[in-house]
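This briefing is intended for a reader who has the sequence and the model open side by side. It covers cores, sheets, annotated positions and backbone details in turn.

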Amino acid sequence: MKKEMEILELELVKKQFEKHCAFSMGIQEIRQASPHYDRLWVTRELARVKEAYDLVVRYGAPSFAGIKDLRLQLQDAAKGRTLGAMDLRFISDEIRAVENIQAYFQASEASGPMLQELVDALGDVRKVAVRIDACVSMNGEVYDHASAALKAIRKAISGCLQDISQEVTRFISRNHAKLMDTVTTIRNGRTCVLVKISEKNSIDGFIHGESASGQTAYIEPRSLIVLNNRLQSLKSQEESEIERILHSLTLLVKEHAFALLGNLDTFALLDSIFAKGLWAKEMDGCVAMIVQPEELLIKQARHPLISKEQVVANTYKLQAPHHSLLITGSNTGGKTVTLKTIGLFVAMTLCGMPISCESAHIPMVDAIFVDIGDAQSIQESLSTFSSHISKLAKICDQVTAKSLVLLDELGGGTDPKEGEALAVAILDALRQSGAMIIATTHYSALKSYATQHEDILLSSVEFDMEAMRPTYRYIEGISGRSNALEIARRYGLKESILSNAAKRMEEGLQEQDKLMMKLEASRMELYEQKEKLHHRLDDVKKLQAELAHEKESFLQEKQRLIEALKQEQNELLAAKEEEAQSIIEELKQLQSDAKPHEIITLKSQLAKLKEEEENSTTSEESFAVGDYVLLKKYNYYGEIITLQKDRVCVLANGMRMNVTTADITHAKKKEQKKVKKNYTPKGIKTISLECNVIGMRVNEALPIIDKYLDDALLAKASTVRLVHGVGTGALRKAIHSYLKQHPRVESYRMGGQGEGGLGASIVTLKQKGAK
């Protein structure tokens, strides 16, 4: 089986998966993967990979940081061998990784039951990590507080080092003339001074050696010997205490060694599964389905070892009534690539791996038999033909109705006549076994045989004769030609030789072969016409899309022009209205002694403006909720609050008026001009100091508030309260935006305690004459 997988290049594809693994045990899981022929196992593994793929697409892959292959260390701990501080640190990191994985799955909403089952199987040994973390630092150093004894020893070591430093300072001060340098050095773990070689006998102490130049002697003065001895003793005690601490931690790990080993195996499995999910995302692949009844359907398959720029996607299908697939076509046309792609995808699926295609139904087989390529053996004295026959003999003996058989150039390597007969006989025997067969051939006899049996699907790979290169396009239902003579002609073989070959081939063909060739030519012609129609259909669809885009652009431009025209019309109307208002004001201000012709002139100008305004609004207008309009009959201005076809409701002067679109026209809001009046109000209107608009829409509330503020100003109210409620805050924001632009609002704020809080706004109004 390993040989078959090498032929299908499964090992090379595995290397692509390995790149997505986080640690060595995950890589090992990928490398050990091989096809399984147990439906339950395959279905489970594919379900796990599908869940991982969904998680990777939505949330990215989980972090496996801190996980290493610690099997040897855990096995040592199980045997009672004391682990080093760094090994214990790695074990703690592995335990903490369990928390990270669990947190990833808790945070994700797409986790499925298959992967959750693995996560739930992770042993909870956090108490071991807590104990290790309390004693060992991230750098693998044992903390002072790991034990009281260690803390005391290290305190004593610190004091001893300080004593040594002081004694060295005193010694150097007394003997600096005899020293090469005022620095010290460590020899054999003991502090020494650098003495001139000529003065070595004048220093009372122990000589630890000389420098390479022979100019310096390393001497431990007698005054330091006792201190160095004490330091060595303390360091020995420190090492013993650290060893004791590490041993106690190792015993704790030993208690949970099997749980930790189980966690490592689970991490390796999760790592390999998510590596498959990452590969599927990178390759834009999918997880195949194992279906019943058995069928093969791979849509838009792309061989994963061919670069994305060069690979040609093809759809392969083998469904009832077909149970065998015979692929024909030119040499170098891609028949073997097709055969390997199908075989590889079946093998990858049975390994629990995703495949690089849009979707796939893969049959559950009990074995994959492969005879692809030249397996000539020098050691066994086998020729190419003998090697093929040897393989085919084993296949015919071992094949079952559940097997998948992949055969390249069936019957090749010997005399064509004998090869054809043998190929037909072998194919017939394999068909009778019920196996799923996919084979390639050049033999006409096999093509004729295929046309006589409805369970065999003929197909071919395309070859571009103009460019003299294969297109690698798979064509279902049409047998291909070898095109040997055409290819030879393109490569410069003499025409006389080609004519001779064509004549001999014609003479050797039987009537059935000739009919078969004509049928193939007719089918190919129909296929080419169908392809041309498909291309034309694609062009038509593309043209339709372009026309739809142009139509959309035209409609947008039309709308833009209409809006511009409406804007221009509104500006013109506003100008006319302002001019009319000016004339009205002049009429009001004229005294009774005004000359009659002046009044007549102004009235005629007003009538002319009114006529122009009516003429300008005869064109069809479009309206929307919120538009400011003029009610022609009543000369009222207001805002559209509802609109249904040609029926509108306008809020004007605090009243809701139901009219039609024919009764209104667009108007522009303008600030009221201050007009000096020659009268004094008879009295001040009394109003409530609170306006409640809770539950109203923005377009309903604002006109009411506008009217209320006008009344409040007339009543000379300085401060009022607007009650709008809390709700979503949309009404409050709209009211505040309105107040910010109101010319007579001095300031506003949110209500305080006892004033309604966030549900009310307190407004301070400018009094008349205030700037």
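The structure is a predicted model. Its largest nonpolar core has 52 residues, and a second, separate core has 47 residues. Two open sheets of four strands are described, one in the order 5-9-6-7 and one in the order 20-21-23-22.

**Nonpolar cores**

- Within the largest nonpolar core, of 52 residues, the members that touch the most other members are Leu296, Met348, Ile368 and Ile438.
- Helix 12, spanning residues 335-350, supplies eight residues, the largest share of this core.
- Both domain 1 (1-144 + 245-283) and domain 2 (298-477) contribute to this core, with at least three residues from each.

- Leu404 belongs to strand 11.
- Leu404 counts as buried because its relative accessible area is 1%, and the cut-off for buried is under 20%.
- Beyond residues up to four places away in sequence, Leu404 touches Val346, Val365, Ala367, Ile368, Phe369, Met436 and Ile438.
- Of these contacts, Phe369 is 35 residues from Leu404 in sequence, while the C-alpha atoms of the two are 6.2 Å apart in space.
- Ile368 and Ile438, which Leu404 touches, are also listed among the core members that touch the most other members.

**The sheet with strand order 5-9-6-7**

- Four strands make up this open sheet, and their pairing is mixed.
- Strand 5 (289-290) and strand 7 are the edge strands; each has a single partner strand, so one side of each has no neighbour in the sheet.
- Strand 6 (residues 296-301) and strand 9 (residues 359-362) run antiparallel and are joined by three bridges.
- Opposite Lys299 stands Ser359 of strand 9.
- Helix 12 packs on this sheet and touches strand 5, strand 6, strand 7 and strand 9.
- The direction of helix 12 makes about 110 degrees with that of strand 6.

**The sheet with strand order 20-21-23-22**

- This sheet is also open and has four strands with mixed pairing.
- Strand 20 (690-692) and strand 22 (745-750) form the edges, each pairing on one side only.
- On average, neighbouring strands of this sheet are turned by 20 degrees against each other when direction is ignored.
- Five bridges connect strand 21 (residues 719-723) with strand 23 (residues 760-765), and these two strands run antiparallel.
- Thr719 has Thr764 as its bridge partner in strand 23.
- Helix 20 (residues 698-714) lies across strand 20, strand 21, strand 22 and strand 23, and runs at about 165 degrees to strand 21.
- Helix 21 (residues 730-741) lies across strand 21, strand 22 and strand 23, and runs at about 155 degrees to strand 22.

**Positions annotated as a binding site**

- An unreviewed UniProt entry lists Gly329, Ser330, Asn331, Thr332, Gly333, Gly334, Lys335 and Thr336 under "binding site".
- Asn331 lies in the loop between strand 8 and helix 12, and it is partly exposed at a relative accessible area of 43%.
- Thr336 lies in helix 12, and it is partly exposed at a relative accessible area of 29%.
- Apart from neighbours within four places in sequence, Thr336 is in contact with Ile372 and Asp408.

**Backbone details in loops**

- A cis peptide bond, with omega near 10 degrees, links Ala320 to Pro321.
- Pro321 is located in the loop between strand 7 (314-318) and strand 8 (324-329).
- Glu409 is not a glycine, yet its phi is positive, near 55 degrees.
- The loop between strand 11 (404-407) and helix 14 (416-433) contains Glu409, which is partly exposed with a relative accessible area of 28%.
- Lys645, likewise not a glycine, has a positive phi of about 55 degrees.
- Lys645 sits in the loop between strand 16 (636-644) and strand 17 (647-652).
- Lys645 counts as exposed because its relative accessibility is 80%, and the cut-off for exposed is over 50%.

How values were computed: Residues are numbered from 1 along each chain as its sequence is written. This is a predicted model: local features need pLDDT of at least 70, side-chain atom pairs count only at pLDDT 80 or more; totals for chains, interfaces and linings use all residues. Side-chain values use heavy atoms; hydrogens and water are left out. A nonpolar core is a set of buried Ala, Val, Leu, Ile, Met, Phe, Trp, Tyr and Cys residues joined through side-chain atoms within 4.5 Å. Buried means under 20% relative accessible area, exposed over 50%, partly exposed in between (1.4 Å probe, protein chains only). Domain bounds come from an automatic or database domain assignment. UniProt positions are given in the numbering used here, feature names are shortened, and annotations may be inferred rather than shown by experiment. Contact means heavy atoms within 4.5 Å. Two strands pair if DSSP finds at least two bridges between them. Axes are lines fitted to C-alpha atoms, for helices over the stretch in contact, and angles run from 0 to 180 degrees between N-to-C directions.
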